[in-house]
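Hello,

Here is the structure we talked about. Please open it, then read my notes below.

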Amino acid sequence: QEMGKVASEAAEEAAECIDQEVRLDLIQKANEPQELDGAVIVQEPHGIILICSPWNFPAAEILMLALPALAAGNTVVVKPSEVAPLTGAKVLEPLQKVLPVG
């Protein structure tokens, strides 16, 4: 059974999940090589990232953590909250359609 949320809070979280342009721009900038004192700093993937999403922000938390990890080249494994699994599944559907399996 899915956990309920006040409609205004649910609408706010949904709007945050839809409007990702600013966050994606920051992620892109953070992953660009940077010069510092004649050296170049290049970001490298860490490997596999596990995200355990909470029940109270099941959609926003997944995207907030998964998008930067994916942009950096990491593999992401998501464990949606056991009390809000349907929300997590709906958030992951579009990502699963465009990302390679594994």
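Glu93 is partly exposed, at 34% relative accessible area (buried means under 20%, exposed over 50%, partly exposed in between, with a 1.4 Å probe and protein chains only). Its side chain meets that of Lys90 in a salt bridge, 3.6 Å from N to O (a side-chain nitrogen of Lys or Arg within 4 Å of a carboxyl oxygen of Asp or Glu). Lys90 is exposed, at 55%. Both residues lie in helix H4, three residues apart, about one turn of the helix. An α-helix has 3.6 residues a turn, so residues three or four places apart point the same way.

A word on sources. This is a predicted model: local features need pLDDT of at least 70, side-chain atom pairs count only at pLDDT 80 or more, and totals for chains, interfaces and linings use all residues. Residues are numbered from 1 along each chain as its sequence is written, and side-chain values use heavy atoms, leaving out hydrogens and water.

Now helix H4 itself, residues 85-98. Helices (H or I, at least four residues) and strands (E, at least two) are DSSP runs, numbered from the N terminus. Which residues of H4 are buried? They are Gly88, Val91, Leu92 and Leu95. Helix H3 (60-71) and strand E4 (75-79) are among what covers them.

The structure holds two salt bridges. The other joins the side chains of Glu82 and Lys79, at 2.9 Å from N to O. Glu82 is exposed, at 62%. Lys79 is partly exposed, at 36%.

Best wishes

Terms used:
The expected span of a helix is 1.5 Å times one less than its number of residues. Contact means heavy atoms within 4.5 Å.
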